[in-house]
Each structure stands twice: as C-alpha cells, then as structure tokens.
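Here's a quick briefing to read alongside the model. Have the sequence and the 3D view open as you go.

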Amino acid sequence: QVQLVEFGGGLVQPGGSLRLSCAASGSIFSIDVMGWYRQAPGNQRDLVARITSGGSTNYADSVKGRFTISRDNAKNTVYLQMNSLKPEDTAVYYCRGLVQTRTGGSTYWYWGQGTQVTVSS
C-alpha cells in the first residue's frame, strides 16, 4: 500500500507565493516520475509539472518561469514552488507518482487526495 499526501494549499493574493509538498509513504522500492496536476471546476485535470528521479523536469507553458518543481529522493517527497500566482492558477492541485512497490516489484501510478489553491484578492 502506498499513500501520497499533499500539504501547503491555501488562499493567496494575486502575485503571491505558495509552496506545495507531497510526501509518499508505504511499501515503496523506488519512485520514477513525480508530478503535480491541477483541476479547476468544470475542467479536466492537467499536468502542471513533473520531475524524474534524475531531476529532469517538464512544465506546462502556463506556469513556465513562475513555478519550480523539485524533489528529495531520500524523503520520497516532491515540492512545487509557485510564485507570481494568478487567479487562473486557482484549482485543486494533485500529486502523482510512478511507484515501484517493495511487494512484488510492480509499478503503479498513485494519486494524492488533492489540496485547494485559491488565488484571489
């Protein structure tokens, strides 16, 4: 069993910053890709940023230059530093990880439960 838990959401004014964290725990052998997705009401869940175990990153065009993804492999934790936030960044942010489990060695995608980010004055 593997769990991903997000922390750090909240209400912030336009132009402000937030830092999200996502910690994975459970029967983990390794985590390849970790990423952040977001979903606004009425919209599909879209990729925000992702990072491999080697540190390679990808970002959605809408967040390039404002958001930074990073990870601590020893802690099985991924972070999302969000700067210069805009109202259109308002969404539920979800963490996702490609996890190889200790039991059986199978690899699965796991999701966190999501954390609300609201950008409003």
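There are three aromatic pairs here, counting rings of Phe, Tyr and Trp (its six-membered ring) whose centres lie within 6.5 Å. This is a predicted model, where local features need pLDDT of at least 70, side-chain atom pairs count only at pLDDT 80 or more, and totals for chains, interfaces and linings use all residues. Residues are numbered from 1 along each chain as its sequence is written, and side-chain values use heavy atoms, with hydrogens and water left out.

**Aromatic rings**
- Tyr-94 and Trp-111 have ring centres 6.3 Å apart and planes at 90°, so they pair edge-to-face (planes over 60 degrees apart; under 30 is stacked, the rest tilted).
- Tyr-108 and Tyr-110 are also edge-to-face, with centres 6.2 Å apart and planes at 75°.
- Ring pairs join Tyr-37, Tyr-94 and Trp-111 into a cluster.

**Arg-45 over the rings**
- The charged end of Arg-45 sits over the Tyr-94 ring, 3.5 Å from its centre (the rule: NZ of Lys or CZ of Arg within 6 Å of the ring centre and within 35 degrees of the ring normal).
- That charged end of Arg-45 also sits over the ring of Trp-111, 4.6 Å from its centre.

**Disulfide**
- Cys-22 and Cys-95 form a disulfide, S to S 2.1 Å (the cut-off is cysteine sulfur atoms within 2.5 Å).
- The S-S torsion of Cys-22 and Cys-95 is about -80°, so the bond is left-handed.
- Both Cys-22 and Cys-95 are buried (under 20% relative accessible area, with exposed over 50% and partly exposed in between; 1.4 Å probe, protein chains only).
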